[in-house]
Amino acid sequence: MRYLTVALAKGRLAELAMELFMSIGMDCSEMKEKTRKLIFTDEKNKMKFILVKASDVPTYVEYGAADIGIVGKDTLLEESRNLYEMIDLGFGKCKMAVCGPKDLKDKLNTMTNLRVASKYPHIALKYFQDDKGQTIEIIKLNGSVELAPLVGLSDVIVDIVETGKTLFENGLDVLEDVCPLSARFVVNKVSMKMEKDRIMDIVTKFQEKLKA
Ligand code: PRP
């Protein structure tokens, strides 16, 4: 039997995903130790777990370097990779939103040449141009996006809001909701054919856990 490889988005999602795999009898105990290793093996169940940057999870899965991935819907929407999205795992819940100074709330729809900063340029463009028919200028950032409207780099941002604490502490507000987000279980298309029974066994067990 070959190893099934699972790509986990480093950080909080990986920890929650690990708990879920443990709950169906997989052994991820090696990952709990503080180490800088990036590959962990469960010999008994012939599973490998790899830790990758969240935005790279869909890439590993599309190319088949990982059979399965656990990643946020935000990354899936931004990367639009060719893979199967099988389950909404229900954890890592947050939302994508347009945020900015409160006084822009009523003006947003009529503003021309709106400057939008985001780590998610595709999601932001799709929302404004395709869904709302509004022309915008995208400014791609890699983090601390809330800074952009504060220093005049952009008018608004499109970013993840979880507790709202970052917005609140920086005097910004949610102006419009873009979409809800959560962790998803994704599968490589060829793996789904070749290892259907093993993958569907995991899917079924996860679905039972989620129902409980
Ligand atoms: C994310 C997101 C927001 C914040 C939202 O940032 O981009 O900044 O968390 O969480 P909150 O609503 O609970 O405050 P992350 O921690 O990934 O950091 P970075 O984008 O600045 O790298």
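These questions and answers cover the pockets and aromatic contacts of a predicted model.

Me: What volume does the largest pocket have?
Reply: Rolling a probe the size of a water molecule over the atoms shows where empty space is left. For the largest pocket, that space comes to about 740 Å³.

Me: Which residues lie closest to the centre of the largest pocket?
Reply: The lining of this pocket has 28 residues. They divide into ten nonpolar, seven polar and eleven charged. Closest to the centre are Ala54, Asp74, Thr75, Tyr120 and Ile160.

Me: Which element gives the most to the lining of the largest pocket?
Reply: Domain 1 (4-92 + 182-211) and domain 2 (94-180) each supply at least three lining residues. Helix H1 (12-23), helix H4 (73-79) and strand E9 (156-161) are the elements that give two or more. The most, five residues, come from H4.

Me: Which element has the largest share of the lining of the second largest pocket?
Reply: The second largest pocket has a volume of about 330 Å³. Of its 14 lining residues, Glu15, Met31, Glu33, Lys34 and Leu51 are closest to the centre. Two elements give two or more residues: H1 and helix H2 (29-32). The largest share, three residues, belongs to H1.

Me: How do the rings of Phe21 and Phe49 pair, and why?
Reply: A pair of aromatic rings is described by the distance of the centres and the angle of the planes. Here the centres are 5.2 Å apart and the planes stand at 70°. Over 60 degrees counts as edge-to-face. The pair of Phe21 and Phe49 is therefore edge-to-face.

Me: Is Phe21 buried or exposed?
Reply: Buried means under 20% relative accessible area. The value for Phe21 is 0%. Phe21 is therefore buried.

Me: How many residues apart are Phe21 and Phe206?
Reply: Phe21 and Phe206 form an edge-to-face pair, 5.0 Å centre to centre with 70° between the planes. Both residues are buried. Phe21 sits in helix H1 and Phe206 in helix H9 (residues 196-211), so the pair links distant parts of the chain. The separation is 185 residues.

Me: Which residues form the aromatic cluster?
Reply: The model has four aromatic pairs. Phe49, in strand E3 (residues 47-52), is 28 residues from its partner Phe21. The one cluster is formed by Phe21, Phe49, Phe185 and Phe206.

Me: Which residue lies over the face of Tyr3?
Reply: A charge counts as over a ring if NZ of Lys or CZ of Arg is within 6 Å of the ring centre and within 35 degrees of the ring normal. The distance from the ring centre of Tyr3 is 4.1 Å. The residue is Lys48.

Technical notes:
Residues numbered from 1 in each chain as written. Predicted model: local features only at pLDDT ≥ 70, side-chain atom pairs only at ≥ 80, totals over all residues. Heavy atoms only, no water. 1 Å grid on protein atoms, 1.4 Å probe; cavity = no way out; pocket = protein on both sides within 12 Å on 5 of 7 lines; lining within 4 Å. Points joined across faces, edges and corners; volume = space filled by probe spheres on them. Helix = DSSP H or I, 4+ residues; strand = E, 2+ residues; numbered from the N terminus. Nonpolar A, V, L, I, M, F, W, Y, C, P; charged D, E, K, R; others polar. Domains from an automatic or database assignment. Phe/Tyr/Trp six-rings, centres within 6.5 Å; stacked < 30°, edge-to-face > 60°. Buried < 20%, exposed > 50% of the residue type's maximum accessible area, 1.4 Å probe, protein only.
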